[in-house]
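Please open the model in your viewer and keep the sequence panel beside it. The tour moves from one selection to the next and says at each stop what is there.

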Amino acid sequence: MFAIPVRPATEDDADAIAALIQRTLRVSNAADYSVAEIGHVFALFTPGRVEARIRRQDVFVAEIDGEIVATVGYEGGQLWARFGVPERQRLGLGTLLVQHIEDHARRRGARELGLSASLTGVEFYERLGYRRTAHRIHASGATYDMVKGL
């Protein structure tokens, strides 16, 4: 497999990241969440909100041939918003980004990493060693709080 570059996101990436997330929600999460629940999540990932997140968090993107194909964020010991374009899922991008964030968190002194997993992603995180700590119901649907020691 070839190396996939992961770099810090810039504010100029906000439109591409928002489009990637919204497409992923429509395609990959549709089996687990209602249209209304996905609509609530859409509202969190408009280009303006993604731009604000980039200013506030450590946000990273993976690129293939100059196209942003996956994204993930880190803030306060938490992995946030890991998404990959549906056409490139199951190729190792998710694992690559989680490992990147785990290394990033270790460099910042974190001893564990938490996250909120969608129903769509919970088994993926379990395969990477995360364990469920709580089940939550929101207007945007059910999630699992998960944690892994670093």
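Select Thr 71 first, and then look across to strand 4, where Phe 83 is its bridge partner. The two strands around this pair, strand 3 (residues 67-75) and strand 4 (residues 78-84), run antiparallel and are joined by five bridges; strands here, like helices, are DSSP runs numbered from the N terminus, with at least two residues (E) for a strand and at least four (H or I) for a helix, and two strands pair if DSSP finds at least two bridges between them. This is a predicted model, in which local features need pLDDT of at least 70 and side-chain atom pairs count only at pLDDT 80 or more, while totals for chains, interfaces and linings use all residues. Residues are numbered from 1 along each chain as its sequence is written, and side-chain values use heavy atoms, with hydrogens and water left out.

Now widen the selection to the whole sheet, which is open, has seven strands in the order 1-2-3-4-5-7-6 and shows mixed pairing. Strand 1 (6-8) and strand 6 (131-138) stand at the edges with a single partner strand each, so one side of each is left without a neighbour in the sheet.

Is Val 85 buried or exposed? Its relative accessibility is 8%, and therefore Val 85 counts as buried, a word that means under 20% relative accessible area, with exposed being over 50% and partly exposed in between (1.4 Å probe, protein chains only). If neighbours within four places in sequence are left aside, Val 85 is in contact with Leu 20, Thr 24, Ile 68 and Val 69. Select Ile 21 as well: Val 85 and Ile 21 are 64 residues apart in sequence, yet 7.6 Å apart in space, C-alpha to C-alpha.

Finally, zoom out to the protein chain, which holds five helices and seven strands, running β-α-α-α-β-β-β-α-β-α-β-β from the N terminus on. Its C-alpha trace spans about 35 × 35 × 30 Å along the principal axes, and 44% of its 150 residues count as buried.

Notes. Contact means heavy atoms within 4.5 Å.
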